[in-house]
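Subject: Structure handover

Hello,

Here is the structure we spoke about, to open alongside this message. My notes on it follow below.

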Amino acid sequence: MEKLECLEIDNVAQVAVVKFTDPKVMDPSRIEQMGAELLALLDNEANEDVVVNFENVSFFSSAAINKLIVLEKHVRARGGEICLSNLRPEVRDLFSYTHLDELFQIRVDQQAAIESLAK
Amino acid sequence: MTRSSWIWSIVRKIPADPDQCAPLIAEILDALEMHRWSANDKFSIRMALEEAIMNAIKHGNDSDPDKLVGVNLGFNDDTFEATISDRGCGFDPEDVPDPTADENIGKTCGRGVMLMKNFVDSIEYNECGNEVKLTKNKSISPG
């Protein structure tokens with residue numbers, strides 16, 4: 001497991017699992033750091049498929065959404081897939097309002113997300 | 001709603017610096033919590049307010065800390081109201097492309113305005129678009 005300033009990255013069944021650990025990660029001043037760490041996980045070639053676990057996330061701004069979209073583009077460009085999991089209802093609703101549930105796979109929990117990416 | 005009916009209010013001018021946003025939002029959320037606004041209402045207000053303030057900081061004031069963002073907000077038992085202003089030339093919110101359109105979903109812009117609209121009961125821009133007023137009515141708790 002790798003612990004960064006904003007994220008914790010683990011590898012489970014050949015899938016990179018990302019969790020947000022910094023309670024202030026969604027502060028506007030921290031979003032750039034969060035975005036940089038999300039992209040940096042792709043420096044490891046083993047991190048082809050990615051699950052982003054939202055269990056510690058109670059708020060998600062449009063700026064944070066943008067960082068996720070950038071990650072999705074990079075993951076897809078490398079032939080990988082990304083899946084989101086453990087979204088609280090209010091955050092899940094956000095992905096519905098914005099139609100981003102058409103861009104991102106979303107599963108109830110981490111295990112289901114990992115299984116959805118199994119090749 | 002007139003300001004005289006507000007039971008809590010602030011009037012601030014903050015530098016156009018993203019570091020200024022979180023402490024201000026935290027102060028407002030604490031006040032809402034003390035006056036028993038629901039978690040859902042606080043989420044909605046945080047969403048709309050943060051988008052409005054960050055738009056003013058980044059787009060209106062070009063993230064120039066020498067430029068100020070005006071924050072004038074308050075609430076009573078029923079209604080939250082916030083007016084956010086910047087020093088920019090403004091914009092026409094009608095010109096913002098629909099971020100939910102198929103061709104725009106993968107883009108990293110345009111969602112803030114839509115989210116603001118979605119999370120408050122009314123949103124009004126001044127004529128040139130460098131000031132926005134957000135109004136959120138307190139949710140009625142189930143009996």
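Helices (H or I, at least four residues) and strands (E, at least two) are DSSP runs, numbered from the N terminus. Angles run from 0 to 180 degrees between N-to-C directions, with axes being lines fitted to C-alpha atoms, for helices over the stretch in contact. Contact between two residues requires that their C-beta atoms, placed from the backbone, lie within 7 Å.

A word on conventions. Residues are numbered from 1 along each chain as its sequence is written, while chains are lettered from A and ligands numbered from 1 in the order in which they are written. As the model is predicted, local features need pLDDT of at least 70 and side-chain atom pairs count only at pLDDT 80 or more, whereas totals for chains, interfaces and linings use all residues.

Confidence: pLDDT is the predictor's confidence in each residue, from 0 to 100. Chain B has a mean pLDDT of 92, with 97% of its residues at 70 or more. For the complex, the predictor gives an ipTM of 0.85 and a pTM of 0.90.

The sheet under discussion in chain B is open and has five strands, in the order β1-β2-β3-β5-β4, with antiparallel pairing. Two strands pair if DSSP finds at least two bridges between them. At the edges of this sheet stand β1 (8-15) and β4 (122-125) of chain B; each has a single partner strand, so one side of each is left without a neighbour in the sheet. From one strand to the next, the twist averages 10°.

β4(B) is joined to β5 (residues 131-137) of chain B by four bridges in the antiparallel sense. In these, I123(B) has L134(B) as its bridge partner, and Y125(B) has V132(B). The two strands form a hairpin with five residues between them, and G129(B) in the turn has a positive phi of about 90°.

Helix α2 (residues 39-60) of chain B also meets helix α3 (residues 111-119) of chain B: their axes come within 8 Å and cross at roughly 145°. On the α2(B) side the contact includes S44(B), M47(B) and E51(B), and on the α3(B) side it includes L115(B), M116(B) and F119(B). By class this contact has six nonpolar, three polar and one charged residues. Here Ala, Val, Leu, Ile, Met, Phe, Trp, Tyr, Cys and Pro count as nonpolar, Asp, Glu, Lys and Arg as charged, and the others, Gly among them, as polar.

Between the chains, the contact takes 18 residues from chain B and 19 residues from chain A. α2(B) gives the most to the chain B side, with five residues. That side has eight nonpolar, five polar and five charged residues.

Chain A has four helices and six strands, and its elements run β-β-β-α-β-α-β-α-β-α from the N terminus on. Its six strands form an open sheet in the order β1-β2-β3-β4-β5-β6, with mixed pairing. Within the sheet, β2 (residues 7-12) and β3 (residues 15-20) of chain A run antiparallel and are joined by six bridges; V12(A) stands opposite V15(A) in β3(A).

Regards
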